[in-house]
Amino acid sequence: MAQPIGRHFLQIPGPTNVPEQVLRAMSAPTIDHRGPEFASLTLDLLEAVKPVFGTTGPVVIYPSSGTGAWEAALVNTLSPGDRVLAFETGHFATLWREMAENLGLEVEFVPGDWRHGADPEAAADRLAADREHRIKAVCVVHNETSTGVTSRIAEIRRALDDAGHPALLLVDTISSLGSIDYRHDEWGVDVTISCSQKGLMLPPGLGFNAVSEKALRVSETAGLRRSYWDWKAILEANRRGFFHSTPATNLLYGLREALRLLDEEGLSNVYARHLRHAEATRAAVRAWGLEVLCLDEREHSAALTAVVVPDGHDADKIRELILDSFNMSLGAGLGKLKGTVFRIGHLGHFNDVALAGTLSGVQMGLELAGVPIDQGGVAAALRVLTGKAGA
Ligand SMILES: *Cc1c(COP(=O)(O)O)cnc(C)c1O
């Protein structure tokens, strides 16, 4: 098949577009991971990665996917048969539940409609009812990538505090880190789970656990079996600038460059950029006459937007048509949303013109697919981008 001309638009909510500076940084020769040059890279990186998590504590870096980082968080902090409280926010929360059960944990799963975030009131009720403190951890997906809904972590923290409950708070920031404001220390999160290929603008291959003092203490006696994922050996080796097994050296070069880019733009500007792009995207969706999946104004994701396709149309067929016609990839509906939504990723290495191009591709695709839309969608988004929306 001939390569289409021009740049491919990779507008899935992860993996995201990798900036050229990051690709170039990763193309440097691989070095001895037990030599002095490597130690200085590690020691610099372990500090440089902290601000994006909003922490001053340790961050463990694995050569892994995000799923690996989930497993690491669970096996380092929990014991067989422990109960955890989790929320059915969507596909990723459901997968996390399955993993916890596979590891021998008991999951109290608060049901959800895949259009709202984790409910702080439901959390408060469950925690208050748990007088014997059988719940050992509360697991929340910060940005549910399957639905485009962002949960209010600070309010979940408040529910724990109000109940005087000692459970750990474990948060998946896989598609929010580096795109949506996040504060590990301030929100009293015990383990923040993330990975490289979404807001951090890297290829897949790095997993992260930011770890609180309390989580580190609990890990001393946590009874789930672990070896590769054990924080202890990694943190010990990290002190001297090394890892206990071979790290993903070239991805670490990329991470250093990606963190430099985020720092250069300024994290608050990065978060504001994502909020603007999300607002412009919603303006387009609504002007087309279509529905955004997220139902709570406080919970719209700044990283992606899930769009509900009208009855009688297949979201996957529309995505296929857009890929064939315009060389642009959009996110599929996952799990029970298959065929009924498509997802527009607007996170990572992205700007106003790229968003305008993305939305133009979606608008043309919807028209070609015969979905009845108003043609004013892109124009409405552009008015948000130029600040003329209210004019
Ligand atoms: C992508 C994603 C995952 C899975 O990460 P992998 O790197 O594919 O293992 C988990 N949770 C969320 C919220 C995600 O967006």
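Q: Among contacts in the chain between residues at least 6 apart in sequence, what share joins residues at least 24 apart?
A: This is a predicted model, where local features need pLDDT of at least 70, side-chain atom pairs count only at pLDDT 80 or more, and totals for chains, interfaces and linings use all residues. Residues are numbered from 1 along each chain as its sequence is written, and side-chain values use heavy atoms, with hydrogens and water left out. A contact here means heavy atoms within 4.5 Å. Taking contacts between residues at least 6 apart, the share joining residues at least 24 apart is 73%.

Q: How much of the chain is buried?
A: Buried means under 20% relative accessible area, with a 1.4 Å probe and protein chains only. Out of the 391 residues in the chain, the buried ones make up 57%.

Q: In what order do the 5 strands of the open sheet run?
A: Strands here are DSSP runs of E, at least two residues long, numbered from the N terminus, and two of them pair if DSSP finds at least two bridges between them. The pairing in this open sheet is mixed, and the order is 1-13-14-12-11.

Q: Which residue in strand 14 stands opposite Leu304?
A: Strand 12 (residues 304-308) pairs with strand 14 (residues 341-345) in the antiparallel sense, over 5 bridges. Within strand 14, the residue opposite Leu304 is Gly345.

Notes: Buried means under 20% relative accessible area, exposed over 50%, partly exposed in between (1.4 Å probe, protein chains only). Helices (H or I, at least four residues) and strands (E, at least two) are DSSP runs, numbered from the N terminus.
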